[in-house]
Amino acid sequence: MPLDTSTYSLALLRLDGRRWNELRRLHAQISTQAAADGSSYLEMGNTKVICTVAGPSEGRRGGAGGGGSGGGDANATVQVEVGIAGFSGVDRKRRGRGDKRTSEMQTTIANAFSNALFTHLYPHSTILITLHVLSQDGSLLAACLNAATLALIDAGVPMSDYIVACTSGSTSSYSSNDEAADPLLDLNGLEEQELPFLTVGTLGAGEKVSVLVMESRVQVGRLEGMLAVGVDGCKQVGEILDRVVRVQGKRMLMRAVK
């Protein structure tokens with residue numbers, strides 16, 4: 001069923017009531033699983049992800065079915081495993097370990113964190129990031145990156161800065177050739193099915209792009225606006241994640257004092 005965008009041109013509001021530059025509700029928690037070295041739970045709208053981190057630990061190299069990236073024995077290897085629950089989407093499709101889309105996501109996340117983490121401090125070691133997707137409603141890669149950032153912070157793995165991610169899109173499709181199309185921030189599942197979009201990840205509050213993934217076609221003239229809106233959205237996400245980390249830090253200090 002085609003996405004009805006007629007309401008946007010009249011009231012400048014999207015189907016879920018947001019304006020073009022508004023994020024969905026973002027909720028996050030740290031230290032959700034005591035058994036893991038680091039863990040987090042994150043919601044971006046109705047997209048829900050659990051992340052656990054194991055390591056840095058010795059032994060595991062290039063796990064089966066997972067995306068990995070590293071710089072040899074001198075640096076730690078970052079392994080990523082993504083599990084998507086069969087009930088997470090509308091179609092209730094269960095994806096196996098060899099699923100191409102899942103493998104691409106694992107490789108993208110592993111490469112991003114291999115460059116952001118101080119892997120040279122842990123030679124001959126492996127950092128395993130495990131992501132469990134409970135619900136999908138757009139911005140899946142961005143949610144996984146944000147959840148992994150929080151879990152790595154909880155595990156105490158040093159990194160140069162937060163990796164924060166967000167999606168941005170355009171109000172009309174490639175075929176419509178509409179030069180007056182407006183950019184949109186943080187697309188939901190319905191919008192991603194019908195509109196061109198990209199996922200952008202930045203380091204901290206700056207504008208240094210560490211992740212940029214786009215799988216749909218878009219007019220070249222719209223790309224710059226989409227990227228600018230996405231980077232601005234990453235700054236908003238970064239502020240929210242930073243508040244979550246600071247609140248958790250205060251709780252840990254209060255426990256230590258008691």
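How are helix 2 and helix 3 oriented to each other: roughly parallel, roughly perpendicular or oblique? Before you select them, some ground rules. This is a predicted model, in which local features need pLDDT of at least 70 and side-chain atom pairs count only at pLDDT 80 or more, while totals for chains, interfaces and linings use all residues. Residues are numbered from 1 along each chain as its sequence is written, and side-chain values use heavy atoms, with hydrogens and water left out.

**Stop 1: colour by confidence.** pLDDT is the predictor's confidence in each residue, from 0 to 100. The protein chain has a mean of 84, and 84% of its residues reach 70 or more. Confidence is lowest in helix 1 (residues 6-11), with a mean of 50, and highest in helix 3, at 94. Helices here are DSSP runs (H or I, at least four residues), as are strands (E, at least two), numbered from the N terminus.

**Stop 2: select 100-116 and 140-155.** These are helix 2 and helix 3. Their axes (lines fitted to C-alpha atoms over the stretch in contact, with angles from 0 to 180 degrees between N-to-C directions) come within 11 Å and cross at roughly 40 degrees. The two helices are therefore oblique to each other: under 35 degrees would count as roughly parallel, over 145 as roughly antiparallel, and 65 to 115 as roughly perpendicular, with the rest oblique.

Now show side chains. Contact means heavy atoms within 4.5 Å. Helix 2 brings Met105, Thr108, Ile109, Ala112 and Phe113, and helix 3 answers with Leu140, Leu141, Cys144, Leu145, Ala148, Thr149 and Leu152. By class, that makes 10 nonpolar, two polar and no charged residues.

**Stop 3: select asparagine 146.** You're still in helix 3. Asparagine 146 is buried, at 0% relative accessible area; buried means under 20%, exposed over 50%, and partly exposed in between (1.4 Å probe, protein chains only). Leaving out residues up to four places away in sequence, asparagine 146 touches Leu42, Met44, Ile163, Val164, Ala165, Val237 and Leu241.

Stop 4: Most residues other than glycine have a negative phi. Serine 139, in the loop between strand 6 and helix 3, has a positive phi near 60 degrees and is buried at 1% relative accessibility. Histidine 124 also has a phi near 60 degrees. Histidine 124 sits in the loop between helix 2 and strand 6 (125-135) and is partly exposed, at 46%.

Technical notes. Ala, Val, Leu, Ile, Met, Phe, Trp, Tyr, Cys and Pro count as nonpolar, Asp, Glu, Lys and Arg as charged, and the others, Gly among them, as polar.
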